[in-house]
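Colleague: I have a few questions about this model. Can we go through them one at a time?

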Amino acid sequence: AAADDDDALGIRLEDLCLDFQFNPSSKVYGYSSYPLKLGAENIPLTLSNASEYVSLVTDFCLNTGIAKQMNAFRDGFNVVFPMEKLRGFTADELSLMLRGEHAPDWTR
């Protein structure tokens with residue numbers, strides 16, 4: 001196929017038939033698609049709106065889509081070690097306490 005103005009390979013983004021819905025690769029999530037914005041199923045992904053699509057998918061995967069799990073983790077962690085007790089530590093100190101030393105300097 002001859003290359004067109006949209007892509008050097010002659011393939012257009014619109015040919016993928018994507019819209020503004022997130023479609024997980026598994027049924028584990030309890031849904032087959034999730035609208036990233038109002039009217040998502042009627043908004044085709046194009047080069048002109050690809051940046052917005054990437055932003056919405058990124059937000060969903062790293063924030064909105066895992067909010068329930070993150071809240072459950074926070075609540076469970078808070079039972080074991082109350083969050084307000086952690087405020088006296090820096091981020092580096094918390095990282096060291098929770099994850100340990102990544103490259104310990106073993107001495108005798």
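Modeller: Helices (H or I, at least four residues) and strands (E, at least two) are DSSP runs, numbered from the N terminus. This is a predicted model, where local features need pLDDT of at least 70, side-chain atom pairs count only at pLDDT 80 or more, and totals for chains, interfaces and linings use all residues. Residues are numbered from 1 along each chain as its sequence is written, and side-chain values use heavy atoms, with hydrogens and water left out.

Colleague: Where does Phe 81 lie?

Modeller: Phe 81 lies in the loop between H2 and H3.

Colleague: Which residues form the nonpolar patch on the surface?

Modeller: Val 79, Val 80, Phe 81, Phe 89, Met 97 and Leu 98, with about 630 Å² of accessible area together. Accessible areas come from the Shrake-Rupley method with a 1.4 Å probe, and for residues only the protein chains shown count as cover. Patches take residues with over 30% relative accessible area and no salt bridge; like charges are joined within 9 Å, nonpolar side chains (Val, Leu, Ile, Met, Phe, Trp, Tyr) within 5 Å.

Colleague: Which helices supply at least two residues each?

Modeller: Helix H2 (67-80) and helix H3 (91-99).

Colleague: New topic. Is Gln 21 buried or exposed?

Modeller: Gln 21 is buried, because its relative accessible area is 15%. Buried means under 20% relative accessible area, exposed over 50%, partly exposed in between (1.4 Å probe, protein chains only).

Colleague: What joins the side chains of Gln 21 and Ser 33?

Modeller: A polar contact of 3.1 Å. That term means a pair of N or O atoms within 3.5 Å; within protein, one must be able to donate a hydrogen and the other to accept it, and residues adjacent in sequence count only if both atoms are side-chain atoms. Gln 21 itself is in strand S1 (residues 21-22).

Colleague: And how many salt bridges are there in the whole structure?

Modeller: A search finds 3. The criterion is a side-chain nitrogen of Lys or Arg within 4 Å of a carboxyl oxygen of Asp or Glu.

Colleague: Where are Glu 52 and Lys 37?

Modeller: Their side chains meet in a salt bridge, 2.7 Å from N to O. The pair links distant parts of the chain, 15 residues apart: Glu 52 is in helix H1 and Lys 37 in the loop between S2 and H1. Glu 52 counts as partly exposed at 35% relative accessibility, and Lys 37 likewise at 29%.

Colleague: What about Arg 74?

Modeller: Arg 74 forms a salt bridge with Asp 75, with the closest N and O atoms 3.6 Å apart.
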